[in-house]
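Let's take a walk through this protein model, one region at a time. Keep the 3D view open and follow along.

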Amino acid sequence: MPKNSKVVKRELDDEVIESVKDLLSNEDSSDDAFKKSELMVDDQEEKDADVEEGSDVEDERPAWNSKLQYILAQVGFSVGLGNVWRFPYLCQKNGGGAYLVPYLILLLIIGIPLFFLELAVGQRIRRGSIGVWNYISPKLGGIGFASCVVCFFVALYYNVIIGWSLFYFSQSFQHPLPWDQCPLVKNTSHTFVEPECEKSSATTYYWYREALNISSSLSESGGLNWKMTICLLAAWVMVCLAMIKGIQSSGKIMYFSSLFPYVVLLCFLIRGLLLNGSVDGIRHMFTPKLEIMLEPKVWREAATQVFFALGLGFGGVIAFSSYNKRDNNCHFDAVLVSFINFFTSVLATLVVFAVLGFKANIINEKCVIQNSEKILKLLKIGNLSQDMIPHHINFSSITAEDYNLVYDIIQKVKEEEFDSLGLKSCQIEDELNKAVQGTGLAFIAFTEAMTHFPASPFWSVMFFLMLVNLGLGSMFGTIEGIITPIVDTFKVRKEILTVICCLVAFFIGLIFVQRSGNYFVTMFDDYSATLPLLIVVILENIAVTRIYGIDKFMEDLKDMLGFSPSQYYYYMWKYVSPLVLLCLLVASIVQMGLSPPGYNAWIEDTAMEEFHSYPTWGMIVCISLMVLAILPVPIVFMVRRCNLIDDSSGSLASVSYKRGRIIKDPVNLEGDNTSLIHGKSPSEVPSPNFGKNIYRKQTGSPTLDTAPNGRYGIGYLMADMPDMPESDL
């Protein structure tokens with residue numbers, strides 16, 4: 001035999017022996033190796049070259065520094081602004097304490113199971129959303145791209161809200177607060193209160209005129225608002241600096257951004273409970289209205305809140321869990337984070353209604369004083385008789401109870417003439433029934449309440465700093481849902497991609513800091529995420545339970561967790577959750593069809609909001625947002641179904657995944673039924689066949705750094721070598 005043939009034989013023998021040893025290696029040694037290594041994604045061309053040459057260098061994936069850091073990241077992503085200004089509003093609107101019943105039921109039916117599913121697939125496959133769904137079925141790879149598009153749309157306007165919070169935060173270092181009183185206007189003859197402010201309120205005027213300087217319609221751009229432009233730039237700079245190193249930089253910030261809001265909420269709760277009228281607000285919130293709970297609308301809104309509260313479908317949950325150790329107990333994480341999210345919503349609701357109860361009490365006191373003065377005038381001019389007024393009533397220091405007594409007496413005696421008297425009932429419940437949510441709650445109702453706090457600037461600083469942190473925690477997960485899948489799939493540098501993503505988002509986001517920008521925020525919030533995310537999560541459920549196989553997935557979970565998950569999840573994933581999601585999708589489409597598409601425009605002359613329908617071009621934008629968000633799903637399906645892209649071209653269609661790295665497959669090995677684990681479990685692996693088929697490194701292609709026993713959902717590549725005679729082996 002020639003000398004060079006012996007060398008080839010010896011090298012091939014070594015490779016075969018190494019592969020057999022890998023196949024027969026036990027799981028404990030693999031666990032040890034995994035625990036000792038820090039997983040990082042390596043996208044340097046030099047290391048790729050080294051691996052191709054057969055070196056021992058392997059791409060590794062970043063890992064969380066601690067379990068606490070990971071939990072805080074998931075909590076920070078799921079707990080956002082919606083917990084503070086959406087959940088309390090839904091509670092108030094949909095039966096008070098009774099609303100918690102449908103919310104908890106739906107949390108158990110769709111919230112925890114689907115959250116657990118996303119955590120599991122991300123941790124098992126160790127890829128972002130694109131890689132996960134492309135891996136399960138290449139035809140459904142568009143699910144991951146759709147998640148990225150939705151994340152980008154949401155990030156565009158979500159960071160604008162952080163910019164608004166930064167503006168209010170910067171203005172809070174003043175005493176009195178700038179929104180405490182209406183501004184005065186001076187002319188040549190006298191000084192008077194700004195008419196627009198006098199018709200509304202000081203906080204409402206400050207929000208619409210000083211902060212947003214809002215135009216009167218969507219079509220009236222009005223140019224850029226330079227103050228909000230600077231705040232938006234600052235918000236994107238903060239996000240970029242925090243995300244530029246991935247979880248290695250954002251993970252450390254999570255300790256502050258995730259925990260600080262709880263400190264503020266607890267401080268506000270303690271302070272709020274000491275305020276006059278706070279108990280009335282909490283009692284109003286938790287008084288159950290059981291008849292409302294039976295309405296279908298309540299269940300639809302509860303399901304929507306559960307769905308968005310946990311960040312399902314965005315890809316951030318999958319991205320964060322992909323940096324976990326393979327044997328992490330993601331079931332415990334799913335339950336823990338879900339209930340932390342729920343209790344945070346309840347805590348925020350207590351705080352909101354304690355403060356709103358205080359605010360309602362102050363407004364009610366003003367109402368009593370103003371209407372008492374009206375009664376005194378009516379008594380002086382003789383429209384009312386003094387005999388109608390009980391002797392113990394003292395109008396100089398009248399209480400709300402005494403006023404209501406007088407009001408009821410006058411209403412009964414002057415039944416026919418009562419409306420002409422112009423008296424108001426002044427009930428605290430009337431104020432508390434005025435449901436406010438979103439920006440109306442945070443930037444108008446809450447800011448007005450804080451003007452009555454002792455040391456109001458301190459509380460204002462704390463409140464808006466909390467909003468900034470809540471927003472940043474959600475933004476980190478949203479941006480991670482964009483960056484991680486693209487880095488995993490296309491092997492670009494994370495730092496460069498993060499900077500480019502933030503720059504592009506900032507320049508597109510300039511449409512939200514025009515004078516008409518608030519209307520665009522409403523448009524994107526209503527149309528860019530709701531339906532696309534529902535479709536994405538339905539497809540995720542179908543991909544795991546139908547395409548991959550629910551039985552196989554349950555086996556994978558048992559292998560990964562070390563125990564069999566409850567059969568409860570089996571039935572939820574296979575039957576209940578898809579049915580509930582489909583019902584929610586249909587209900588959302590019906591609701592969208594019944595509700596006239598439009599927005600509330602602020603009219604300067606009347607100092608009130610007025611509903612406007614979207615113009616034709618606005619409707620086109622709304623429809624385009626929904627279509628663009630879900631378009632990747634059919635496009636990728638048709639590309640893969642019709643083989644429009646050659647697998648050997650190095651294109652998207654040929655991307656497949658190995659442990660901690662990405663390779664290009666020259667052939668389609670698995671087809672659409674690719675499982676989470678190409679290889680079988682140790683007990684099922686057949687003995688190596690030392691014939692034509694061997695496990696080896698393919699020449700002319702990147703080295704495949706395989707994981708023993710397919711433990712990370714990767715397995716081995718079986719190379720066909722018909723040209724290699726058995727004698728050479």
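Helices (H or I, at least four residues) and strands (E, at least two) are DSSP runs, numbered from the N terminus. This is a predicted model, where local features need pLDDT of at least 70 and side-chain atom pairs count only at pLDDT 80 or more, while totals for chains, interfaces and linings use all residues. Residues are numbered from 1 along each chain as its sequence is written, and side-chain values use heavy atoms, with hydrogens and water left out.

Now find strand 3 (residues 598–603) and strand 4 (residues 608–613), which pair in the antiparallel sense over six bridges. Y599, for instance, has H612 in strand 4 as its bridge partner. The two strands form a hairpin with four residues between them, and A607 in that turn has a positive phi of about 55 degrees.

Is strand 3 enclosed or open? Five of its six residues are buried (under 20% relative accessible area; exposed is over 50%, partly exposed in between, with a 1.4 Å probe and protein chains only), so strand 3 is largely enclosed by the rest of the structure.

Helix 24 (residues 494–508) has 15 residues and should span 21 Å at 1.5 Å a residue, counting 1.5 Å times one less than the number of residues. Its end C-alpha atoms are 21 Å apart, which agrees.

The buried residues here are K494, L497, T498, C501, C502, A505 and F506.

## Listed binding-site residues

An unreviewed UniProt entry lists G76, V79, N83, N341, L470 and S474 under "binding site"; such annotations may be inferred rather than shown by experiment. Although spread over 399 residues of sequence, they cluster in space, with a largest C-alpha distance of 12.6 Å.

N341 lies in helix 18 (residues 330–381) and is buried, with a relative accessible area of 1%. Its contacts (heavy atoms within 4.5 Å) include V79 and N83. The N341 side chain also reaches the backbone oxygen of S78 at 3.1 Å. S474, in helix 23, is buried too, at 6% relative accessibility, and its contacts include G76 and V79.

Methods
Pairing = 2+ DSSP bridges. Polar contact = N/O pair within 3.5 Å; in protein donor to acceptor, adjacent residues only side chain to side chain. Lists of a residue's contacts leave out its neighbours within four places in sequence.
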